[in-house]
Amino acid sequence: MKVALIAHTNLPEKLVAASAKLCYSAATIDTVMEGLTEEKTANFVDMLADIGHESPIEHASFTFGIEGVSRALLAQITRHRMASYSVQSQRYVTANQFEYVLPPEIAAIPEAAAEYKKAMEEDQAHYDSLTAILKEKHLKANLEAGMEEKAAAKAAEKQAIEDARFVLPNACTTKIMMTMNARSLHNFFRHRCCNRAQWEIRELAEEMYKLCVEVAPHLFKHAGPPCAYGACPEGKMSCGKAAEMRAHYRAILENKE
């Protein structure tokens, strides 16, 4: 897995502080950015967290580049609908020797890992075979339709992989560009940094959290799983590790991890 913070709102915390200042003072749009020192900015952002006023933090957005994650993760992450996604297409990109995610529980058992690798190799073989069969059919039809040979071959390949991709597994990796505002990220971290979240998306969420904390520590001081800054909401389903999680996320905030 590779995660990078590609871009973010310029001076995200100052922008959020200015939005809060406009709400709680007589400031105008001409003066709202004035006087926001680092200390005053931090105070405004901390105040919003303390009183639960979340709408001002929507003005700050963050764009992540994500690689080496599975199509299974893609199905989960797009449930967070207050976000923008761009995903590498299996209709337009041929899966030659596709890469895949190996779950740690499978990797830990040699017999299971060998079976898994065999399944991936078989999927690749089926994909390659289907692509070749379909491409031959489409190429013939395209040529008969009067297409120039080079154009006909290019169109045939695209037509072939559009259907051959159906045999590719959930394990197949993909690349994602994702943009969320800070409020949506807080919601994402509450759900996906939790110990009960699926392991792959939890790993992704924590990497994203670390990147956010680097550029906007006050804005994300109360982000992460609920138990990191309050009570666990999972009841009987709790992992029972609230103290460890709290210490872990405190260490991240203090740049100790």
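Buried means under 20% relative accessible area, exposed over 50%, and partly exposed in between, with a 1.4 Å probe and protein chains only. This is a predicted model, where local features need pLDDT of at least 70, side-chain atom pairs count only at pLDDT 80 or more, and totals for chains, interfaces and linings use all residues. Residues are numbered from 1 along each chain as its sequence is written, and side-chain values use heavy atoms, leaving out hydrogens and water.

**Exercise 1.** Work out how the rings of Phe 62 and Phe 220 are arranged.

*Solution.* Start with the rule: rings of Phe, Tyr and Trp (its six-membered ring) pair if their centres lie within 6.5 Å; planes under 30 degrees apart are stacked, over 60 edge-to-face, and the rest tilted. The count by this rule is 7 aromatic pairs. For Phe 62 and Phe 220, the centres are 5.4 Å apart and the planes stand at 75 degrees, so this pair is edge-to-face. Next, place the residues: Phe 62 lies in strand β2 (residues 61–70) and Phe 220 in the loop between α8 (199–215) and α9 (242–253), so the pair ties together parts 158 residues apart in sequence. Helices (H or I, at least four residues) and strands (E, at least two) are DSSP runs, numbered from the N terminus. Finally, check accessibility: Phe 62 is buried at 0%, and Phe 220 is also buried at 0%.

**Exercise 2.** Classify the pair formed by Phe 188 and Phe 189.

*Solution.* The distance is 5.8 Å centre to centre and the planes are 55 degrees apart, which makes the pair tilted. Phe 188 has a relative accessible area of 0% and is buried; Phe 189 is buried at 0% too. Both belong to one aromatic cluster, whose members include Phe 62 and Phe 220.
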